[in-house]
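User: I want to go through this chain with you a bit at a time. Keep the answers plain.

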Amino acid sequence: MKNEQEIENFDFFVSVDEIKRTEEHRFELVASKSNLIFITTVLKFLQVKSAKMEGYLKLENKNSIVLNAKVTSKLIQPCSITLDPIVINIRKNIKRNFLIKNTEDNLNKSQRINLTKDSFNIETICSKINLAEILIETISLETPDYPKRSGVSLTSILEENDAIKNSPFSVLNKLKKNL
């Protein structure tokens with residue numbers, strides 16, 4: 001396994017100019033072994049077995065682009081109760097809207113921005129879209145915070161431990177084993 005310093009960033013850029021020329025840009029992004037190691041390191045999983053995003057970018061009008069894609073991934077996380085490894089399968093359809101901002105616009109000027117409900121659904125881009133970043137973000141958001149193996153509950157584990165601790169015969173058994 002490589003050190004973090006040796007792993008390069010996972011990037012897959014699509015130019016806005018390319019999308020404007022074709023009006024619909026189809027893509028299939030499949031993470032290589034080194035990309036899977038990078039995703040594992042960044043998201044702090046036990047292992048990422050596969051990561052894939054396929055779909056298209058479409059020019060909706062002169063200043064906006066729509067992304068429609070399907071993200072699939074298979075990863076391994078520790079169970080939040082037993083710490084045993086669990087396989088997590090992710091399948092998510094995503095739709096994103098991008099607003100194309102001219103590079104001539106000066107971002108250093110103070111600007112007045114009116115936030116609406118739609119402001120949070122539209123991302124602003126200048127010249128390119130990093131699809132790999134969207135893939136990693138989707139995997140991160142769709143992964144359960146506290147994964148749990150099926151059939152395991154905290155109460156059943158605590159009850160088993162309490163029964164062993166409270167039994168006077170368990171103390172005698174330990175004494176016999178030590179003799």
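**Working through the chain**

User: Is E28 exposed, partly exposed or buried?

Analyst: E28 has a relative accessibility of 49%, so it counts as partly exposed. Buried means under 20% relative accessible area, exposed over 50%, and partly exposed in between (1.4 Å probe, protein chains only).

User: What should I know about the model before I go on?

Analyst: The model is predicted, so local features need pLDDT of at least 70 and side-chain atom pairs count only at pLDDT 80 or more, while totals for chains, interfaces and linings use all residues. Numbering starts from 1 along each chain as its sequence is written, and side-chain values use heavy atoms, leaving out hydrogens and water.

User: Back to E28. What does its side chain meet in a salt bridge?

Analyst: K52, at 3.3 Å from N to O. The pair links distant parts of the chain, with E28 in strand β2 (residues 24-30) and K52 in strand β3 (residues 47-61), 24 residues apart. A salt bridge here is a side-chain nitrogen of Lys or Arg within 4 Å of a carboxyl oxygen of Asp or Glu.

User: And how exposed is K52?

Analyst: K52 has 26% relative accessibility, so it is partly exposed.

User: What other salt bridge does K52 make?

Analyst: The K52 side chain also meets that of E54, at 3.7 Å from N to O. E54 is partly exposed too, because its relative accessibility is 33%. Together, E28, K52 and E54 are linked in a network of salt bridges.

User: How many salt bridges does the count come to?

Analyst: By that rule, 5. Another one of them joins the side chains of K92 and E142, at 3.9 Å from N to O. K92 lies in strand β5 (residues 85-100) and E142 in helix α3, so this pair, 50 residues apart, links distant parts of the chain as well.

User: Why are K92 and E142 put down as partly exposed?

Analyst: K92 is partly exposed because its relative accessible area is 31%. E142 counts as partly exposed because it has 35% relative accessibility.

User: New topic. How many helices and strands are there?

Analyst: The chain has 5 helices and 7 strands. Read from the N terminus, the order is β-α-β-α-β-β-β-β-β-α-α-α. Helices (H or I, at least four residues) and strands (E, at least two) are DSSP runs, numbered from the N terminus.

User: How much of the chain is buried?

Analyst: Of its 179 residues, 30% count as buried. I136 in helix α3 is one of these, because its relative accessible area is 12%.

User: How far is I136 from K52?

Analyst: In sequence they are 84 residues apart; in space, C-alpha to C-alpha, they are 9.9 Å apart.

User: What about F13, where does it sit?

Analyst: F13 is in strand β1 (residues 13-15). Its relative accessible area of 44% is why it is partly exposed. The C-alpha atom of F13 is 5.4 Å from that of I129, which is 116 residues away along the chain.

User: One more Phe. Is F169 buried or exposed?

Analyst: Exposed, because its relative accessibility is 58%. F169 belongs to helix α5 (residues 168-178).
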